[in-house]
Amino acid sequence: MLDRWITNGTAKPFYARKQIYIKKEVTSAVARVCGLGQFIFHVNGKKVGDHELDPAWTDYNKLVQYVTFDVTDLLVQGENVIGAEIGNGWYIKMDEHYTFGLPAFMPPNPNPYKPYAKALVLALELTVVYADGTEETLVADDSFKVKEHPTVMTNVYGSETIDNRLNVPGWDAPGYDDTGWVQAAYADEKDVPKGDLQDQFQPAVKVVKSYEGTLLHQVNGRDIYDFGQNMSGLLDFEIKGKTGDVIKIYPAEKLGEDGDVDQFAKNWILVDSCITAIVGADDVWEHCRMKFVYFAGRYMAVERVGEAEIRNLRADAVTSAYKTDGSFTCDDERYNQIYDMIEKTVEANMIGVHTDCPTIERFAWQEPNHLMASAIFYMKDGKQLWEKFLQDMRYGQHTADDWFNDMAGGKYYPGDGLMPAQAPCYIPNVIPVPGLGDFYDIIPWGSTCILGTYWHYLFYGDVKIIENNFDAGPRYLAHLKTRVNEEGFINYGLGDWGNPRNDLARDNIETAFLYADAVTLSKFAEILGKTDVKTELDADAEEIKNNYNAKLLVKNEELGCWCYKCWDHKDELFMTQASQALPLFWGLVPEDKEADIVKAFRYTLERDGSFICGEVGLPYVIQTARKYGMNDIICKYITKEDHPSYYAFVLDGETTLGEYWEQNPRSHCHDMMGHIIEWYYNGIAGIIPEKPGFGEVTIRPYLPESVHEFTCTYQSASGEIKVSVTETENEILVDVKCAEGIAYAVDTSNLEEEKNVIVQ
């Protein structure tokens, strides 16, 4: 199946088409299609389906996804045309305009991006079943015809050049004369993808909302448009002028002080993405639309060369996370604004992979796939998306024979079992950065293979996710054990990455994840009946725990309680919020010291006056505060009007979440710190799973001081759960509805004791 690949022999986008004749009545017809890097499939003058940017990104040397389309209703008796448009994607990356590069303060990368081939390729298989019971299969071969595409350049970072002089109206419809086209060639063996072929099972990329561009003003000879929403999107517009006139459109996440678009990523690089359209015919309006890549941003600067005009500028926001499982609304608009901001950020970063940002890197960094998993699972249907993300990790896990170039030109072996921080990884940065840490082998990133599996199982209750991913876990843990230092710690990664005071606490944070990996794998081994493996994992966990407490757990005489000191501050008793929260969350704290560590944790929160933690510690800080009765602190900190605070981003005018706790962050669309969404569901609505799959839940609602009513719904794996709370002058009404089969108990201990609480 799909064992023949055809090409036009170049690295530039192309059309492929074939006329076919059907003489009998069709009962069913299925097409399996893959064009690399991206493709659009057509039958009889129509694009098939509502997908965008098929197939999803993978490491094409290891895994290639094709897409299955039901085309029964599109075929007719008589002449038919099947065709495809094929563009670059990551298969052969183009570097015109912005393309990712390391900044000057980092060492040069001896392992840059390598194209997967020299020519773009297409594979297609059409199977038709006729009413008389016979069946016929057509595959893409050298009887197809090919032609250059009007998208003459497509850059995976958001630039495209559309030359309307090359437009081919009607190319995909019967009756078109293709005598000027050339015969397709079979792809050279070196251009054929090496990876396993797989039907694309996860949600495809789709348009979720369209935004019209509003002309703000003119500056520096440019028209500046605002779509009102930062997004990942496909630009759609019309142009008119004289043949050869040019429109250039520059997307950006922000405006500069002069009102022009500002494409400079703070302290990093100029992201000079550009969508270029060339007029094809004199004085007629021509339609243009991005085909093979998405732009990122909210604003557009339009430059016109010659007599070119533009109209109907529209942006179609795209995402793979289009299915919504949860909703939350309340009477304090600040909470709604925060929720919407994070939801839009999640959508913009779910494009077949879970990217870190749509602008600068577009890499599938793995840490949010466990740190953000629970927040996203409440809000979006992440079941199959995470199955794909975890599969990418399995395919990316290293063997002992894998190697990269080192700085001296020799070979560097990452080590058997290592999980790369990115999967798929197109530009491996395997050299640790002085003063920062290792960006390739990072335990909170690689641990997604274990902890991402855990959150998936908790939310969806499907043991298959454990069965599919278990073997990767012990291999990864074995690798981590080779990286433990003489003091018994892991401390070579990024620690509490994004901490606004740069208090990374590497030894504390990374070793806590080592323990979390061991105890989680032990739970998996028990579920799978692997008794001997569980015994070994339990021994590993106990050894980590004993060393952790022996060296980090100390008495704080000033506070009068035990606490966890940060190992990297040798000359003082230094505490961070995350260094107390992670041991509490993962059960590292001895039972007789738990109350003390809770006291120390509360002290760090009150001392700092805000969430002073990065993306790695933040979910544990929020959830630990929730568990131990500090919801009031959470409310206060997320609605502060200055950074660090979620609401501060809203006041900054952001429509998506920034990368770091600051104004004008490097990226204005990072979902890695959106963990507060989990608290909306299990803190405010109080929907807490007691068993995997939410078949048994506790409902423990909480009303922030400024909130007097809210409604929250969650479509769990076991059915819908709805919690509504309304506060009146004397009463608090709690209305809980759960689908049949969900066992639930309502706990009102978090609600105001002075008022009469009525559970309906």
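Let's start with threonine 161: at 9% relative accessibility, this residue counts as buried, because the cut-off for that label is anything under 20%. Keep in mind as we go that we're looking at a predicted model. Threonine 161 belongs to strand β12, which covers residues 159-163. Who are its neighbours? Leaving aside residues up to four places away in sequence, threonine 161 touches Pro150, Thr151, Val152 and Met153, along with Glu96, Thr276 and Ile278.

Now for the rings. How many aromatic pairs does the count come to? The total is 51.

A second pair, tyrosine 646 with tryptophan 661, is edge-to-face, with 5.2 Å from centre to centre and 80 degrees between the planes. Here tyrosine 646 sits in helix α15 (residues 646-651), while tryptophan 661 is in the loop between α15 and α16 (676-684); the pair links distant parts of the chain, 15 residues apart. Tyrosine 646 has a relative accessible area of 1%, so it is buried. Tryptophan 661 is buried as well, with a value of 9%.

Rings also turn up with charges over them. The charged end of arginine 666 sits over the ring of tryptophan 268, 4.3 Å from the ring centre. Likewise, lysine 551 has its charged end over the ring of phenylalanine 489, with 6.0 Å to the centre.

Finally, a look at two helices. Helix α11 (residues 577-586) and helix α12 (residues 594-608) have axes that come within 9 Å and cross at roughly 150 degrees. Why does that make them roughly antiparallel? Angles over 145 degrees fall in that class, and therefore α11 and α12 count as roughly antiparallel to each other. As for handedness, α11 passes α12 in a left-handed crossing. On the α11 side, the contact is made by Gln577, Gln580, Ala581 and Leu584. From α12, the residues taking part include Ile597, Val598, Phe601 and Leu605, and also Glu594 and Asp608.

Technical notes
Residues are numbered from 1 along each chain as its sequence is written. This is a predicted model: local features need pLDDT of at least 70, side-chain atom pairs count only at pLDDT 80 or more; totals for chains, interfaces and linings use all residues. Side-chain values use heavy atoms; hydrogens and water are left out. Helices (H or I, at least four residues) and strands (E, at least two) are DSSP runs, numbered from the N terminus. Buried means under 20% relative accessible area, exposed over 50%, partly exposed in between (1.4 Å probe, protein chains only). Contact means heavy atoms within 4.5 Å. Rings of Phe, Tyr and Trp (its six-membered ring) pair if their centres lie within 6.5 Å; planes under 30 degrees apart count as stacked, over 60 as edge-to-face and the rest as tilted. A charge sits over a ring if NZ of Lys or CZ of Arg is within 6 Å of the ring centre and within 35 degrees of the ring normal. Axes are lines fitted to C-alpha atoms, for helices over the stretch in contact, and angles run from 0 to 180 degrees between N-to-C directions. Angles under 35 degrees count as roughly parallel, over 145 as roughly antiparallel, 65 to 115 as roughly perpendicular and the rest as oblique. A crossing is left-handed if the near helix is turned anticlockwise from the far one by less than a right angle, and right-handed if clockwise.
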